Amino acid sequence: MYDLIFRQATVVDGTGAPAVAADVAVAEGRFAAVAPRLDGEAQRVVGAQGLALAPGFIDLHCHFDAYHLEQPAGEIKIRQGVTLEVVGNCGASLAPLAPERARMGVDYCLGGPGRFRREIDWQTYGQYVTKVETGRPVLNVAGLVGHGSLRVAAMGFADRPTTAAELDTMIGLLDEALAAGAAGLSTGLYYAPGLFATTDEVIALAKVVARRGGYYASHIRNEAEGLLEALDEALAIGRASGVPVHISHLKAAGTRNWGKAEAAVAKIEAARREGLDVTCDVYPYHFSSTSLQAVIPPWALEGGSEALVARLVEPAKRARAIEGIKDGLPGWENIYHNAGWEKIIISAVNSPANQTVQGQSVAQAAAAAGADPFEWAMDLLVAERGAVSIIAGSMNEENVARFLALPFAMIGSDGAPRGGKPHPRVYGTFPRVLRRFVRELKSLTLEEAVRKMTSASAVRLGLADRGRIQVGRQADAVLFDPATVGDTASFEDPCRYPIGLKAVAVAGRLVLDEGRMTGERPGRFCRSGDR
Ligand SMILES: [Zn+2]
């Protein structure tokens, strides 16, 4: 007797192979049989005629680190068919924390102060993992160790290279986190404090990851004018350390840099031919999302959010910061230059008084206030103590489709649940790939899109029993209608669930059934030792 049978599904097995009609049976949390016609009974039979059954989707890149401690309902991801998500990206993880800088570490990970209002009762990576699991998540979680988080723990937001002792501390914390189950290391070399680091510092850490069998994911130093040089740096870190390199949210940012897409692809392809294990993830939108602090010149970010706010209330330092935004600095990626105030939209703030600007561009909101947009943006950062999320229109869809179609590209939402009017990728990423890039643009086949959301990501994570519908593997699965599946989250109305998903199973248990959440919570933290 099986636990569950999907009857007459169109099975898209995750490998990229053509879909086939089959019955799929599940027992004890695993796929137990796949055949054109299965006899035998099941406690539950799900009619799947005309529907696609795929392995549960893997969100290789997101910022839901605190979500599993605060509201582990999982609905945002389950309703996209996601059964495993990877946190700790872009250099920022919630662990490890130094006792004397725990709050600073949490605020850094969540993009500003005031976003985690609970007690911080963990420090080590192992303690964080335990907390995620005792919260009984609905979906599975895996995590990277953030390089910025290691730096905050060892030396705060200091704008200088590490001392030998500080680097040793970071190496020790990283090694301990990898032993506790982290899948690898991430950097955010575009953000403070990551941007204060030398390449050699990252190589020293990447060697630890290589020894432990993990991978290195990088939000590279520059995705705009310096895109090609920043890719060179990431590849050099791979060559020098022996670690597999994964480029996070590959993009060419800023109108002037759209033409660099082909050179970027050629660079990665050349490295792969040379034998380097290089992969990337892409999100299916041509708008990015980050913190408004990303417009601020690096010198003004030393010391973290509080120090930034203190500088922005000093007229001379504020003027110098604004000058830096306007003129730029050599080698520094300036998101204002990439998008302009017209295409930088405020997506989330903390204080009730400023909620009305959520959804407006800086240009719009400043004009309504009768203010200069530069001054207005600085005032908002001060009022919100540095915690302002933005959406920036800096890419084009042709490049996004090109990057998505690369055989070594996978899907990561880069979504961060920060309230307000978030980037629609938080709610829509996976169904959007299936609607926009498979059905409408036809730049991906269904089978290839599913491979990028499943087996390719499982291989990157080193999780041998995920990502394919195959007897013996964990039965994480999603059942959807390929003719109607799609995102409904828009920039105007971003907190809307997708359509066309019928059922989602995690470890063989239905967490979404006939479009309704069942209340089951079978998720767990996937430790790298599970590989
Ligand atoms: Zn990033």
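Gln360 counts as partly exposed because its relative accessibility is 25%, where buried means under 20% relative accessible area, exposed over 50% and partly exposed in between, with a 1.4 Å probe and protein chains only. This residue belongs to a predicted model, in which local features need pLDDT of at least 70 and side-chain atom pairs count only at pLDDT 80 or more, while totals for chains, interfaces and linings use all residues. Residues are numbered from 1 along each chain as its sequence is written, and side-chain values use heavy atoms, with hydrogens and water left out.

Gln360 sits in the loop between strand 15 (344-348) and helix 13 (362-368); helices (H or I, at least four residues) and strands (E, at least two) are DSSP runs, numbered from the N terminus. Apart from neighbours within four places in sequence, Gln360 has contacts (heavy atoms within 4.5 Å) with Ile344, Ile345, Ile346 and Ala365. Between the C-alpha atoms of Gln360 and Ile391, which are 31 residues apart along the chain, the separation is 10.0 Å.

## The zinc ion

The zinc ion has as its protein donors Cys90 (SG), His219 (ND1) and His249 (NE2), at 2.0 to 2.4 Å. Donors here are N, O and S atoms within 2.8 Å of the metal (3.2 Å for Na, K and Ca), and since water is not among the atoms, sites may look incomplete.

Along the chain, the donors follow the spacing C-x128-H-x29-H. Distant parts of the chain are linked by Cys90, in the loop between strand 7 and helix 3 (102-109), and His249, in the loop between strand 12 (245-247) and helix 9 (261-273), the two being 159 residues apart. Both Cys90 and His249 are buried.

Strand 6 is joined to strand 7 (residues 82-87) by 3 bridges, and Phe57 stands opposite Val82 in strand 7.

## The chain as a whole

The chain contains 18 helices and 21 strands. Buried residues make up 62% of its 531 residues, and among contacts with a separation of 6 or more, 77% are between residues 24 or more positions apart. Taken along the principal axes, the C-alpha atoms fill a box of roughly 80 × 50 × 45 Å.

How values were computed
Pairing = 2+ DSSP bridges.
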